[in-house]
Amino acid sequence: ITKITRPQLEVYEPTADKQTGAAIVILPGGGFNYVVTDKEGSEAAPWLNGLGITVFVLRYRTKDESNLPLWKRPVQDAQRTVSLLRAKAADWKLDPKRIGLMGLSSGGQVAAIATARGEERIYREVDEIDRQSCRPDFALLIYPWNLWDTKSQTLMEEARPGAGYPPTFIVHTHDDKSSSLGSLAVYMALKQHDVPAELHIYRNGGHGYGFRPVTGSVVHTWPKRAEEWMAHLAGAPVKNVK
């Protein structure tokens with residue numbers, strides 16, 4: 001989806017008998033030029049709904065002619081969405097303490113920055129919804145794009161985790177041109193701050209695989225690893241893993 005000027009949500013709900021109250025906001029990739037709402041968004045719904053998780057795929061605002069950092073408006077949209085879900089939790093039968101972010105590619109960069117900001121909203125409150133916390137309760141960063149600054153050889157400043165960062169699951173591949181060093185740096189910072197985290201770097205698989213298999217790679221197994229990880233969180237989004 002291109003030329004997005006007003007953010008929108010696609011909502012995918014589990015059946016009533018499976019609903020756990022947990023929710024995940026998915027931030028697809030697209031290099032900020034567009035948002036890949038299927039391959040890196042809605043295709044996760046059958047898997048996560050089957051686990052009892054309500055899925056919200058966010059069509060965040062794309063690149064415009066302003067001089068703002070490319071991540072800024074999408075991060076604002078992500079923060080607003082987390083607050084919105086908490087404000088409307090009863091409408092969607094959600095537990096406001098079990099709302100996570102999942103970002104893929106450029107959406108992974110957005111998720112990393114939004115999570116690093118914690119309670120620090122990067123826009124002025126406009127209504128009652130913004131009085132709800134914008135900090136996610138957990139995060140999944142799936143091949144986050146360009147977190148590593150190749151010039152300074154450090155993690156981009158905006159995504160640097162602190163002690164308030166929530167539990168985080170990270171996936172990357174060794175052969176991803178958007179270097180896995182960024183994911184490694186995030187994990188190292190989380191370890192230093194004693195934040196529960198799990199990092200998987202697969203041998204191959206490239207970039208942009210979403211939830212689909214890649215010939216000659218086992219990177220398609222990452223959702224199972226994420227499922228196992230979520231099952232062991234405090235206030236776990238997933239109750240039972242077989």
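1. Two residues are in contact here when they have heavy atoms within 4.5 Å of each other. On that basis, residues 24 or more positions apart account for 78% of the contacts in the chain with a separation of 6 or more. The model is predicted, and the remarks below should be read accordingly.

2. Overall dimensions. The chain has 242 residues and a radius of gyration of 16 Å; a compact globule of this length would have a value near 18 Å, which agrees. The C-alpha trace spans about 45 × 45 × 35 Å along its principal axes. Six helices and nine strands make up the secondary structure of the chain.

3. Surface and charge. Of the 242 residues, 55% count as buried. The accessible surface comes to about 11300 Å², and carbon and sulfur atoms contribute 49% of that area. The chain carries 30 positive and 27 negative charges, whose mean positions are 1 Å apart.

4. The largest nonpolar core. In soluble globular proteins, nonpolar side chains tend to be buried together. The largest nonpolar core in this model has 37 residues, and Leu-27 and Leu-85 touch the most other members. At least two residues of this core come from each of strand E2 (23-27), strand E3 (54-59), helix H2 (72-87), helix H3 (89-92), strand E4 (99-104), helix H4 (106-117) and helix H5 (181-192). The greatest contribution is that of H4, with five residues.

5. Surroundings of Leu-85. Apart from residues up to four places away in sequence, Leu-85 touches Leu-9, Ala-23, Val-25, Phe-56, Trp-92, Leu-94 and Ile-99. A second, separate core contains 29 residues, among them Trp-47, Leu-104, Phe-169 and Trp-229.

6. Helix H6. Is helix H6 (residues 222-231) largely enclosed or exposed? Seven of its ten residues are buried, so H6 is largely enclosed by the rest of the structure. The buried residues of H6 are Trp-222, Pro-223, Ala-226, Glu-227, Trp-229, Met-230 and Ala-231. They pack against E2, helix H1 (45-50), E4, E5, strand E8 (168-173) and strand E9 (197-202).

7. Thr-115. This residue lies in helix H4. Thr-115 counts as buried because its relative accessibility is 1%, the cut-off for that class being under 20%. Not counting residues up to four places away in sequence, Thr-115 touches Leu-101, Pro-136, Ala-139, Tyr-165 and Pro-166.

8. Leu-233. The segment after H6 holds Leu-233, which counts as buried at 13% relative accessibility. Leaving aside neighbours within four places in sequence, Leu-233 is in contact with Phe-138 and Pro-167. Leu-233 and Thr-115 are 118 residues apart along the chain, and their C-alpha atoms are separated by 17 Å.

9. Trp-145. The loop between strand E5 (138-142) and strand E6 (148-149) contains Trp-145. With a relative accessibility of 27%, Trp-145 counts as partly exposed. Beyond its neighbours within four places in sequence, Trp-145 is in contact with Phe-32, Ser-105, Ser-106, Gln-109, Ser-178 and His-207. Gln-132 is 13 residues from Trp-145 along the chain, yet the C-alpha atoms of the two are separated by 28 Å.

10. Lys-93. This lysine is found in the loop between H3 and E4. Its relative accessibility of 59% means that Lys-93 counts as exposed. Lys-93 touches Gln-19 and Gly-21, when residues up to four places away in sequence are not counted.

11. Positive phi values. Lys-3 has a positive phi of about 50°; Lys-3 lies in the segment before strand E1 (8-12) and counts as exposed at 74% relative accessibility. Gln-153 has a positive phi near 55°. The place of Gln-153 is in the loop between E6 and strand E7 (154-155), and Gln-153 is partly exposed, with a relative accessible area of 45%.

Definitions and conventions: Residues numbered from 1 in each chain as written. Predicted model: local features only at pLDDT ≥ 70, side-chain atom pairs only at ≥ 80, totals over all residues. Heavy atoms only, no water. Helix = DSSP H or I, 4+ residues; strand = E, 2+ residues; numbered from the N terminus. Rg over C-alpha atoms; globule rule 2.2 N^0.38 Å. Buried < 20%, exposed > 50% of the residue type's maximum accessible area, 1.4 Å probe, protein only. Areas by Shrake-Rupley, 256 points an atom, 1.4 Å probe, with all protein chains shown as cover. Lys, Arg positive; Asp, Glu negative; His and termini not counted. Charge placed at Lys NZ, Arg CZ, Asp CG, Glu CD. Core = buried A, V, L, I, M, F, W, Y, C linked by side-chain atoms within 4.5 Å.
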